[in-house]
Amino acid sequence: MTDYAVRITRLNYSYPDGTQALESIDLDLKKGERVALVGPSGAGKSTLLLHLNGVLKGSGTVRILGQTIADGDLKFIRKQVGLLFQDPNDQLFCPTVFEDIAFGPLNLGVDAQEISKRVEKALSDVMLDHSYASRSAHHLSQGERKRVALATVLAMEPNVLALDEPTGNLDPGNRRHLIELIAGLPATLILGTHDLEMVLALCDRTVVLDRGKIHADGETSAILADAGLMEQHGLEVPLSLRSRRG
Amino acid sequence: MRDGLQFRPMHIPDGILTNRIALSLDALSGASILFASRRFKLELSARMIPIMGVLSAFIFAAQMLNFPVFGGTSGHLVGGALLGIMLGPMAGLLTMATVVVAQALFLQDGGLLALGANIFNIGAITVFSGSAVFRLLGAEQASGRRLALAGFVAGWFSMVLSASACAFQLALSNAVPLGIGLTAMGGYHAVIGVAEGALTAGVISFLHKVRPDLLHRDFTPGFKLVDWAGGLVLVAIPLVVLVLAGSSGLPDPLQSLLAGPSSIADAAVSPLLSNRNQDLYRVLGYLALFALFAAIFLAVRWIRNRKGAS
Amino acid sequence: MKHSFIDRFGDLDSPLHVLDARTKIVGFTALTVAALLIPAGNSGQFFAFFFFIAILAGISQIPLQYVVGRTAVILPFVLLAGLAAPYRGTQRWAWLAALLLRSTLCLLILVLLTNTSRFAEFLRGLRKLGCPRIMAVNLGFLYRYLFVLSDEIMRMRQARDCRRVGALGTISEMKILGSMLGTLMVRSFERADHMYHAMLSRGFSGEFPVAAPRRFSWRDLAFVSLVALFIAATFYL
């Protein structure tokens, strides 16, 4: 059995209109690792994350838990890799929260009895009361929607979690809650984000992506404290690191 | 009430069309939807599903956006031709049908049995005629003014044809004489159709500039033999229903279901209604019914709440 | 922004609300058909129907102003159509009366039907009654994204109003509307793409999974029987 949760080898991807989005990406994640993917807007973070479960297919190989995506069973891949999208509205498309959370497991063939249990568990995993199950996504606040979106992913019991800007558009209170939630999850984690303070809190390893290429890959505090590197790629040293040095 | 977005009822409510017409159109629309669903399942990609869904919401919302016309009234985009052009006839029909059903369910705009007629007028005719006109004008590869013009004609024509169909339905139901229907509805929609055409052209041109790839997505396959065959069968259905309605071999309830409006001359005349004031009495009687309705309603509500409270 | 004009009363607690959606769809549709079959002069039958619907409406816990209000909004249109009818003299008023009575009844029934179920439940009922899957899915998406789109429209209007001084002519209004609609359409396609990715990510492969089972109870049978008896009674007695 492989030690690696994710192995990306020489991944290249171009958009339909020809622009190169990802260039020669090599990235390996060991099981249980927590890696942050940082970079300026348009760097290709979301695009890269979409390759992890086969939604986008570039040239090169992507292996999830030993299985290559190109010839592997997509159902297996999509069960193993849970992808949280930037805008929860895109992820919550069913009339009720229950149906949204049940959507994934139903597609996997989980039977009816088990579905209710999964929905209950997913809701409690994201610390939402089970009364949320019968509500509709459009009546929820942004913070609640983010949590429900996470629940829809967790209900499939994935071993790898890819989160795209999880704290985007959240007020400080909800942001804190979400970070605590994510901290408690056992899965292998890859976080695409601008929220560098969150990166410091959650991830031991950071990868800098800019214009589709990986420019740095190493220990989080070392990378984020490197002012030159940060500014070169449209980022800046997070406040907590600055005060430490200064 | 919500600020800004308003709505004006514009679909046919129940009671105006005869049961015969309403049911034959129900059959036609129902069969068309089943047909389009089948074709969709077999031939179109799953990618279309969220597109149709979001565009249904788009059209519904867009139909509530009004712009002023003639100072007093206002108009809005119907969007059938636009959808026909962008999604092709099958997906376009399903999307518009969804909108019409939603309008009946959410806004009570359009009756239950009249759904078939409304889907036919607003869903099928606008989509098919808009799509057909656009293709006939060879606009698929066009750009600039030719594209805009094709969009305009498609939009305008879809409105006029739809209104005419509605006028025919009303006339066949003996509700509105054909002459009045065609002139009033047809005329009104010929004018409002200018706005529809302009908006359709505007959106198409905008898309051509900003996202030309959206205009040339390969959505529906071209019309195949099965489509023509299917189309013939579909058109035959209402004719069959209409013919059946004329036959006398049917059991009574079914016969009356399919019959035309009751003989107006049979209207019962109560003792009160034997003079010129009968109209006034009728109006008062009608209003009284509402009062009675309210009284019974409130009584029942009061009884239930008392039982609930104890 | 909060929107409440849909599904406002779907959550109430009433004997009608707890019924299976299928029962209500079938029952109320039957009532509509029956109402449309009442011959023009039968005031007794019309009265009976109003009575019955009033009771049902009272039980439903939906506010009176709402029920009457929704009905009243549509009526002027019916009146207009009625006045255009090709009848003269007594015939005309008889036709108008019958039309108004029938339309009002049908409207009241429709208001009850659509406000005594949560929309999601209603959709499930439709699906079980044979509605094509793609239509049910579309209706679900429409319901779900209507508010999202309305919010986007509101914001665009506000942004537009910030940059506008005074009233513009129809043509300028329409030009602005055209670009608003175009932008909205592009955004809709983009959102649809994201949704598609989200659906794929959760294992979607083209077919929608069947949802949880539903229970019928004695109440459903009771309601349907009641409606059937009522219709039979008014027509044959």
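Predicted model: local features only at pLDDT ≥ 70, side-chain atom pairs only at ≥ 80, totals over all residues.
**Entry 1: the sheets of chain A**

In chain A, 4 strands form an open sheet in the order E2-E1-E4-E5, and the pairing is antiparallel. E2 and strand E5 (67-68) of chain A are the edge strands; each has a single partner strand, so one side of each is left without a neighbour in the sheet.

I then went through the pairs. Strand E1 (residues 4-14) of chain A runs antiparallel to strand E2 (residues 20-30) of chain A, with 7 bridges. Within that pair I found A:Leu11 opposite A:Ile25 of E2(A). The hairpin of E1(A) and E2(A) has 5 residues between the strands, and there A:Gly18 takes a positive phi near 105°. At the other end of the order, strand E4 (residues 59-64) of chain A pairs with E5(A), antiparallel, over 2 bridges. A:Ile64 stands opposite A:Gln67 in E5(A).

Next I looked at the other sheet. It is open, has 6 strands in the order E6-E7-E8-E3-E9-E10 (chain A), and its pairing is mixed. Strand E6 (81-84) and strand E10 (213-219) of chain A are at the edges with a single partner strand each, so one side of each lacks a neighbour in the sheet. On average, neighbouring strands of this sheet are turned by 15° against each other, direction ignored. I checked one parallel pair: strand E3 (residues 34-38) of chain A and strand E9 (residues 205-210) of chain A share 4 bridges. A:Ala36 has A:Thr206 of E9(A) as its bridge partner.

**Entry 2: where chain A meets chain C**

I asked how many residues of chain A are in contact with chain C. The contact joins 28 residues of chain A to 23 residues of chain C. On the chain A side, helix H2 (74-80), helix H3 (88-91), helix H4 (97-107) and helix H5 (112-125) each supply at least two residues. H4(A) gives the largest share, 5 residues. By class, I noted 14 nonpolar, 8 polar and 6 charged residues on this side of chain A.

**Entry 3: a helix pair in chain B**

Helix H4 (residues 115-136) of chain B packs against helix H5 (residues 144-172) of chain B at an angle of about 145°, and their axes are 8 Å apart. The crossing of H4(B) with H5(B) is right-handed. From H4(B) the contact includes B:Phe120, B:Ile125, B:Gly130 and B:Phe134. From H5(B) it includes B:Val153, B:Phe157, B:Leu161 and B:Cys166. I looked up the classes too: the contact of H4(B) with H5(B) has 13 nonpolar and 8 polar residues, and no charged residues.

**Entry 4: the outline of chain C**

Chain C has 8 helices and 0 strands. I wanted to know whether chain C is spread out or compact. Its radius of gyration is 23 Å, well over the 18 Å that the globule rule gives for 237 residues, so chain C is more spread out than a compact globule. Along the principal axes, the C-alpha atoms of chain C fill a box of roughly 65 × 50 × 30 Å.

I also took down the domain assignment of chain C, which gives domain 1 (21-124 + 215-236) and domain 2 (132-201). The centres of domain 1 and domain 2 of chain C, taken over C-alpha atoms, are 35 Å apart.

How values were computed: Residues numbered from 1 in each chain as written. Chains lettered and ligands numbered in written order. Contact = placed C-beta atoms within 7 Å. Nonpolar A, V, L, I, M, F, W, Y, C, P; charged D, E, K, R; others polar. Axes fitted to C-alpha atoms, helices over the stretch in contact; angles between N-to-C directions. Left-handed = near helix turned anticlockwise from the far one by under 90°. Domains from an automatic or database assignment. Pairing = 2+ DSSP bridges. Rg over C-alpha atoms; globule rule 2.2 N^0.38 Å.
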